Amino acid sequence: MINDLPEEDPQRRAMREWLESVVIRTEKSTSWHNEAERLQPLVNREGYVPVHTRLSVEDLEFLKDAREDLLGFAEFGLRMLDLHQPRDAGGITSDSAHPIQRCRSCMWRWPCPTFRAMGETFHTCW
Ligand SMILES: [Zn+2]
């Protein structure tokens, strides 16, 4: 049987596999959201709270790279925001109060698909 699908770009495939591994690693780890809120009032004068906890192998796998992963994602998001921003599309419009805008990078009508995808992905974060 002949596979008619074009072969995926190796860099794109490697990036997708890395992103999927981050999602899997993160989903397997324990959320510290509620525990962090509970511990926050217990911070001592030196700015620390002593914690004794049990960490699973999955938690350690997550924690090992979590800081660098999050910094990378935040930097990526900021770079996407710099690239994908609206600009006046020019031309004549019947609604001068709301002129047509296009993304200055991909030229789609604003909000462009990249910005919409970011909004849909991050909407629970801000
Ligand atoms: Zn765009």
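Reader: Which residues coordinate the zinc ion?

Author: This is a predicted model. In it, the zinc ion is coordinated by His 84 through ND1 and by Cys 103, Cys 106 and Cys 112 through SG. The distances run from 2.1 to 2.4 Å.

Reader: What makes these atoms donors of the zinc ion?

Author: A donor is an N, O or S atom within 2.8 Å of the metal. The coordinating atoms are ND1 and SG atoms at 2.1 to 2.4 Å. They therefore count as donors.

Reader: What makes the arrangement tetrahedral?

Author: The angles do. Four donors count as tetrahedral if all angles lie between 85 and 135 degrees. The 4 donor atoms around the zinc ion subtend 102 to 120 degrees, so the arrangement is tetrahedral.

Reader: How are the donor residues spaced in sequence?

Author: The pattern is H-x18-C-x2-C-x5-C.

Reader: Why is Cys 112 called buried?

Author: Buried means under 20% relative accessible area. Cys 112 has 0%, so Cys 112 is buried.

Reader: How many disulfides does the structure hold?

Author: A search of the whole structure finds 0. The test asks for a pair of cysteine sulfur atoms within 2.5 Å.

Reader: Is Met 107 buried or partly exposed?

Author: Its relative accessible area is 37%, so Met 107 is partly exposed. Buried would need a value under 20%.

Reader: How do you know that the span of helix α1 agrees with its number of residues?

Author: Helix α1 covers residues 10–28, which is 19 residues. The expected span is 1.5 Å times one less than that number. That gives 27 Å, and the end C-alpha atoms are 27 Å apart, so the two agree.

Reader: What caps the N-terminal end of α1?

Author: Asp 9 does. A side-chain oxygen of Asp 9 lies 3.1 Å from the backbone nitrogen of Gln 11. A polar contact needs N or O atoms within 3.5 Å.

Reader: Why is Asp 69 called buried?

Author: Asp 69 lies in helix α3. Its relative accessibility is 12%. The limit for buried is under 20%, so Asp 69 counts as buried. The side chain of Asp 69 is joined to that of Arg 25 by a polar contact of 2.7 Å.

Reader: What makes Glu 68 and Leu 63 partly exposed?

Author: Glu 68 is in helix α3. Leu 63 is found in helix α3 (residues 57–83) too. Relative accessibility is 47% for Glu 68, so Glu 68 counts as partly exposed. Leu 63 has 43%, and so counts as partly exposed. Exposed would need over 50%.

Reader: Where is confidence lowest, and where highest?

Author: Confidence is lowest in strand β1 (residues 86–88), with a mean of 89, and highest in α3, at 95. The mean pLDDT of the chain is 90. Of its residues, 93% reach 70 or more.

Key. Residues numbered from 1 in each chain as written. Predicted model: local features only at pLDDT ≥ 70, side-chain atom pairs only at ≥ 80, totals over all residues. Heavy atoms only, no water. Donors = N, O, S within 2.8 Å, 3.2 Å for Na, K, Ca; no water. Tetrahedral: all angles 85-135°; square planar, octahedral: opposite > 155°, others 65-115°. Buried < 20%, exposed > 50% of the residue type's maximum accessible area, 1.4 Å probe, protein only. Helix = DSSP H or I, 4+ residues; strand = E, 2+ residues; numbered from the N terminus. Polar contact = N/O pair within 3.5 Å; in protein donor to acceptor, adjacent residues only side chain to side chain. pLDDT = per-residue confidence, 0-100.
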